[in-house]
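Biologist: Hi! Could you walk me through this protein as if I were new to structures?
Modeller: Happy to, let's look together.

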Amino acid sequence: MKWKEQLLNLTPYQPGKSIDQVKKEYSLDKIVKLASNENPFGCSEKVLFTMNQSPSFFALYPDGYASELRSVLAGHLSIQEDQLIFGNGSDEIIQMISRALLSPETNTVMAAPTFPQYRHNAVIEGAQIREIPLVNGEHDLDGMLAAIDENTAVVWVCNPNNPTGNYIKEPALLSFLHKVPRDVLVVLDEAYYEYVVAEDYCNSLDLIQKYENLIVLRTFSKIYGLASLRVGYGIADPQTIKALEPVREPFNVNKFAQASAAAAIEDQNFIEECRRKNREGLEQFYAFCEEYGLEYYPSQGNFILINFNADSNEVFQFLLEKGFIVRSGKALGFQGYVRVTVGSKEQNDGVLDAMGQYL
Ligand code: PMP
C-alpha cells in the first residue's frame, strides 16, 4: 500500500488515561479526572429527557442538517442559520477545514504550544507547518503575520489558548485580522469562550460580519458538559460555510447530540452557575500558587497551567497515585508544568492537598 509517508510517522492523539484504566492500574477506588477540561458539574438536567427514546429513534439516521439545533443556536447567538456548521466535536470541524484547504502546496500558521489538533491535521494533509512560539504564554500575532505568505491557506488562533489559558485582547486581535490577507482563512478557536470573564475580550460574532475569511469554533464539550456526545460548531460567513459543507460527513452529528445540545442551550442559568463556580475554583488555584511561590498563567478557561519547576511527568505520576489525573506539561510543550482542569470545590481541595504533599 502506498500510504502518505507522513502518516507513518504520526502518533495518534492520546488525550490521557481513562478513569477505569487508572483505577485498575493503581488499585484505587476513587479517581478524579482533571485532565481534559471537562465540566466537573456535568450538564444541565434539562438534557436528560433526550436519552429516553423509542426504538424507531435509534433506527433512523439523524437530520444531517441539524435543523432544530441550528434554529435554536442561531436564535441564541442572534445570527443567521446559514452561518453555522456542526461537527462531531469541534475536532471534526478542524479536520474539515484542514481537508478543504490544506495540501502539500500550502502552508499553515499556528502558535506553539497550542491545541495539538491543528498541527496533527496539517501533517495528515501534508501542508508545511509554521509554528510561531508563544511569548509569555501569548500568541505572537506579529510573528504569525510575518510567517504568512502567498502559499498560506489557514492561520489558527486559539483564544483562550490551550494549554496556557491566556487570551488575546480585543485591540490586538482586531489589528491582526485587519492585516491578514483576505484569501487566508483565520480560524478563531473559542472552545472555552463561555468561561471568559475578561472585559477586553473580543466580540467574535461581530467580527464575522466584517471578515469573510474568519471562522469561529465553539463546542458543547466544555461549559455545556456534553463532551461524551461530541458536538461542536463553526460560525462564519454563509459563503465560507457553503464551501465547507461538501467535506462534512452527511450524518456527522448524532441525534442524541443534536437534541441534547438544543436542550442545553435553553438552560443558561446552568451555564452562568458553572462560569461562576469556575472562577471561584481558579481563585483557589491562584491562592495556592501564591502561597507556595509557584508560577502560573492566569486563565480565562477552565484549566490552569502551573510551573512546578520539576519533571512534569514526576508530578503527574505523584498526583496519579493519589487518585488525580492531570496533564503533564511535557506532552503539552511545557516541561516543568502541569495543566489541571478546575474541578468542583471538593475536587480542587483534594488535588491542591495532593500538590501540597508533593511540594
Ligand atoms: N479546541 C480546543 C482549544 C480544545 O481544547 C478542544 C478540546 N480539548 C477542542 C477544540 C476540541 O473540542 P471538541 O472536539 O470536544 O469540541
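Predicted model: local features only at pLDDT ≥ 70, side-chain atom pairs only at ≥ 80, totals over all residues.

Biologist: Okay! Which residues of helix 6 are buried?
Modeller: Helix 6 covers residues 117-125, and its buried residues are Tyr118, Asn121, Ala122 and Glu125. Looking down the axis of helix 6, these buried residues fall within an arc of 105°, so they line one face of the helix.

Biologist: Strands 3 and 4, how many bridges join them?
Modeller: Six bridges join strand 3 to strand 4, and the two strands run parallel. As one example of who faces whom, Thr108 stands opposite Ile129 in strand 4. The chain goes from strand 3 through helix 6 to strand 4, and this β-α-β crossover is right-handed.

Biologist: Nice. Let's zoom out: how many helices and strands does the protein have?
Modeller: The protein has 14 helices and 13 strands. The C-alpha atoms fill a box of roughly 55 × 55 × 50 Å along the principal axes.

Biologist: What does the radius of gyration say about it?
Modeller: For 359 residues, a compact globule would have a radius of gyration near 21 Å, and this protein has 20 Å, which agrees. As for burial, 44% of the 359 residues count as buried. Also, among contacts between residues at least 6 apart in sequence, 74% join residues at least 24 apart.

Biologist: Switching topic: what does UniProt list for Lys222?
Modeller: An unreviewed UniProt entry lists Lys222 as "modified residue: N6-(pyridoxal phosphate)lysine". From UniProt, also unreviewed, comes "domain: Aminotransferase class I/classII large" for residues 30-354. The end C-alpha atoms of residues 30-354 lie 14 Å apart, and that span is 38% helix and 18% strand.

Biologist: Where is Lys222, and is it buried or exposed?
Modeller: Lys222 is in the loop between strand 7 (214-219) and strand 8 (232-236). Lys222 has 27 C-beta neighbours inside 10 Å, so it counts as buried; the cut-off for that is 20 or more.

Biologist: Which residues is Lys222 in contact with?
Modeller: If we leave aside neighbours within four places in sequence, Lys222 is in contact with Asn37, Asn39, Ala191, Tyr192 and Asn302.

Biologist: Now helix 13. Which residues are buried there?
Modeller: In helix 13, residues 312-321, the buried ones are Ser312, Val315, Phe316, Leu319 and Leu320. Seen down the axis of helix 13, they fall within an arc of 135°, so they line one face of the helix. They pack against helix 2 (19-26), strand 11 (324-325), strand 12 (327-328), strand 13 (337-341) and helix 14 (345-358).

Biologist: Which residues does Phe324 touch?
Modeller: Not counting residues up to four places away in sequence, Phe324 touches Val32, Leu34, Leu319, Gly350, Val351 and Ala354. The C-alpha atoms of Phe324 and Glu346 are separated by 12 Å, and these two are 22 residues apart along the chain.

Key. Residues numbered from 1 in each chain as written. Helix = DSSP H or I, 4+ residues; strand = E, 2+ residues; numbered from the N terminus. Rg over C-alpha atoms; globule rule 2.2 N^0.38 Å. Buried ≥ 20, exposed ≤ 12 C-beta atoms within 10 Å, placed from the backbone. Contact = placed C-beta atoms within 7 Å. Arc of directions from axis to C-beta. Pairing = 2+ DSSP bridges. Right-handed = clockwise from strand over helix to strand, strands pointing away. UniProt positions renumbered as here; feature names shortened; annotations may be inferred.
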